[in-house]
Amino acid sequence: LPASLCGVFGLKPTYGRLSRQGVFPFVESLDHVGPFARSIEDLVLTYDVLQGPDPQGDSICVRDAEPLADRLDTLAERPLRVGVLGGWFQQGAFPEVLEALGRVASALKADDLVTLPNAVAARAAAFCLTAFEGGELHHADLAKRAMDYDPAVRDRLLAGALLPEGVHEAARRFRTIFRDEVREAFQRYDILLAPSSVCPAPPIGQAAMEMDGV
């Protein structure tokens with residue numbers, strides 16, 4: 001999302017692929033670290049440098065490095081199977097966002113519209129996970145100095161701290177269901193296109209909600 005709104009390339013790698021050492025945590029079961037770059041080539045080089053196990057700093061980052069820089073040309077030679085995510089992924093998107101998505105799809109000769117039936121439920125599960133785990137992480141600070149937090153962030157963390165454990169467990173179980181649904185889609189496609197944001201980047205100093213007349 002920040003990469004798309006800033007006009008650069010960004011990578012959100014597989015969970016656990018890159019070490020999160022030195023990054024303040026938010027949601028233990030979802031937190032990722034990924035690079036930004038001005039080109040795909042630079043993005044790949046940066047990703048390769050950051051890869052590798054980190055047993056001392058991040059217990060989930062244990063996979064051996066799999067460098068991609070030398071494989072980039074080879075990957076580009078193979079025809080890609082590209083689908084365009086529809087349904088929830090395009091709902092409420094601004095016309096200029098959908099126009100940009102269409103241009104990319106046309107350039108990649110992507111004609112197939114792909115629907116993930118559980119996308120709405122997956123978004124709800126993600127909200128539950130971030131609220132619960134974020135509230136748990138910040139519980140002590142919220143109790144001592146809640147007014148130090150941004151109001152919108154504070155309210156979300158407080159709401160998460162009040163969620164019962166059962167909601168968290170249900171969201172974790174559903175994540176497994178949705179993961180399998182997405183995995184099945186990637187048996188048929190190499191790339192699934194979707195807008196990173198429903199709106200274009202707002203001008204500096206303007207809140208995104210103001211662009212929608214809210």
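Student: Which residues are buried in α2?
Tutor: This is a predicted model. In α2, the buried residues are L43, V44, Y47 and D48. These residues lie on the same side of α2, because the arc they cover around the axis is only 135°.

Student: What follows α2?
Tutor: G52 follows α2, and the phi of G52 is positive, near 120°.

Student: On to charge. Which residues gather in the patch of negative charge on the surface?
Tutor: That patch brings together E41, D42, D73 and E77. Two or more of the patch residues come from each of α2 (40–50) and α3 (72–77).

Student: Where is D73 found, and why does D73 count as exposed?
Tutor: D73 is found in helix α3. Its relative accessibility is 61%, and D73 counts as exposed because the cut-off for that class is over 50%.

Student: Now salt bridges. How many does a search of the whole structure find?
Tutor: The search finds ten salt bridges. One of them joins the side chains of R20 and E28, at 3.0 Å from N to O.

Student: Is R20 buried or exposed? And what about E28?
Tutor: R20 counts as buried, because its relative accessibility of 11% is under the 20% cut-off. E28 counts as partly exposed, with a relative accessibility of 45%.

Student: Which residues are linked with R20 and E28 in a network of salt bridges?
Tutor: D58 is linked with R20 and E28 in that network.

Student: What does the side chain of R179 meet in a salt bridge?
Tutor: The partner of R179 is D180, and the N to O distance between their side chains is 3.4 Å. R179 is partly exposed, with a relative accessible area of 43%. D180 also falls in the partly exposed class, at 36% relative accessibility.

Student: And what does the side chain of E184 meet?
Tutor: The side chain of E184 meets that of R188 in a salt bridge of 3.3 Å, N to O. For E184 the relative accessible area is 42%, so E184 is partly exposed. R188 is partly exposed as well, with a relative accessible area of 40%.

Student: Before we stop, please restate the points on α2.
Tutor: L43, V44, Y47 and D48 are the buried residues, and α2 also gives two or more residues to the negative patch.

Conventions: Residues are numbered from 1 along each chain as its sequence is written. This is a predicted model: local features need pLDDT of at least 70, side-chain atom pairs count only at pLDDT 80 or more; totals for chains, interfaces and linings use all residues. Side-chain values use heavy atoms; hydrogens and water are left out. Patches are made of residues with over 30% relative accessible area and no salt bridge: like charges are joined within 9 Å, nonpolar side chains (Val, Leu, Ile, Met, Phe, Trp, Tyr) within 5 Å. Accessible areas come from the Shrake-Rupley method with a 1.4 Å probe; for residues, only the protein chains shown count as cover. A salt bridge is a side-chain nitrogen of Lys or Arg within 4 Å of a carboxyl oxygen of Asp or Glu. Lys and Arg count as positive and Asp and Glu as negative; His and the chain ends are not counted. The place of a charge is taken as NZ of Lys, CZ of Arg, CG of Asp or CD of Glu. Helices (H or I, at least four residues) and strands (E, at least two) are DSSP runs, numbered from the N terminus. Buried means under 20% relative accessible area, exposed over 50%, partly exposed in between (1.4 Å probe, protein chains only). The arc is that of the directions from the helix axis to the C-beta atoms.
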